[in-house]
Amino acid sequence: MSLKTALGFLFIVASAIPALRAGEPQIYFKNSPPVEQLRPFYDPTTLSLLVTAADGRPVTQGWLEIRLDAPKPSGFFSTDFPLVEGSRLLEMRLPLRSGRAEWTYLFPIRGKYEISVDFVTAEGKQATRTFSLQVREHTNKWTFLGIFTLALFASGMVAGRIFTRASRGAKDKLVACLLLSFVCSGSSAALAAREEYSGWLGVDAATVGKPTRVHWRLSENGGGGRPRAALTLTITHLEKSKIVFAVERLWVAGEFSMDFHFSDGANYRVLASAEIPGYRTVRTERYLSVTGVEPQVAAMLPALSFFVAVIAIGLGVGRWSKKAPPG
């Protein structure tokens, strides 16, 4: 094959690749409110996915397999929930309705989230996309951190000035006591439908640090299988009175399951409400207490070291200012 022929063949292949990709379904992502307004554990966010065919029309049939991963550990200071960092937060399959799938989620920590989406039909996987979403920390938290750091420095400086003339042994004991004191400070219910169907809701034992299986299904009626139902599933943080996850009117064939990571050791309510054509609404709920886990020392050590260093610097500055000659 001549060089000219080879180059022509490569040009044809390169030109055909965009055309092949253009024929694939396209996946689009949108969140509300906008990214600039997102803050950890503040307000729930509505996340939407749209799948269109090559001609731009919404795909009418298929599912979306969705995986949400938490931000990886980064920076000097850990987040409020160190065990959540870098973990799988959510994994579920949502059916498309007019080409769309939508759910509500409350982001627990700051950082960059990754949302992986696979579009699947009865014939197999058709398209894959990964989206990123950045959640910034509350401004007042950084303000409080600065104020707290200045307070520690001032306390160390005052202590350094007051106890500069103390004996070395007494002074060492005082510093040790200050640092030590700082380090140390640092069920279910089912509501059956009145007609022929009832619901079952199962939630595995939940522990912070790993996903928990949430499974809902309708009872079978005389061997006739489970009917299609419009399922609304809501998970609520009872102490904060905040919805941490929700899907509304999700048409399922009598069953739905997902893996959900509860970010903190608190009490939650899981409520499932299913609308079945020709029958009354089936409501099922469960209350659960999530088991909290102490974070690893490595996650707290950088911040503790920083605060101890601030106190030590304050002590040194106080001692120096006491001994420095006037004028």
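1. Tyr105 is buried, and Phe260 is buried too. Buried means under 20% relative accessible area, with exposed over 50% and partly exposed in between (1.4 Å probe, protein chains only). Phe260 has a relative accessible area of 3%. Phe245 is also buried, at 0%.

2. This is a predicted model: local features need pLDDT of at least 70, side-chain atom pairs count only at pLDDT 80 or more, and totals for chains, interfaces and linings use all residues. Residues are numbered from 1 along each chain as its sequence is written, and side-chain values use heavy atoms, without hydrogens and water.

3. The whole structure holds 8 aromatic pairs. Rings of Phe, Tyr and Trp (its six-membered ring) pair if their centres lie within 6.5 Å; planes under 30 degrees apart are stacked, over 60 edge-to-face, the rest tilted. Tyr105 and Phe260 pair edge-to-face, at 6.3 Å centre to centre and 70° between the planes. Phe245 and Phe260 are 5.8 Å apart at 55°, so that pair is tilted.

4. Phe245 sits in strand 12 (residues 242-252) and Phe260 in strand 13 (residues 255-260), so their pair ties together parts 15 residues apart in sequence. Strands (E, at least two residues) are DSSP runs, numbered from the N terminus.

5. One aromatic cluster includes Tyr105, Phe245 and Phe260.

6. Two charges sit over rings. Arg93 lies over the face of Trp63, 5.2 Å from the ring centre. Lys242 lies over the face of Tyr42, at 5.9 Å. The test: NZ of Lys or CZ of Arg within 6 Å of the ring centre and within 35 degrees of the ring normal.

Technical notes:
Helix = DSSP H or I, 4+ residues; strand = E, 2+ residues; numbered from the N terminus.
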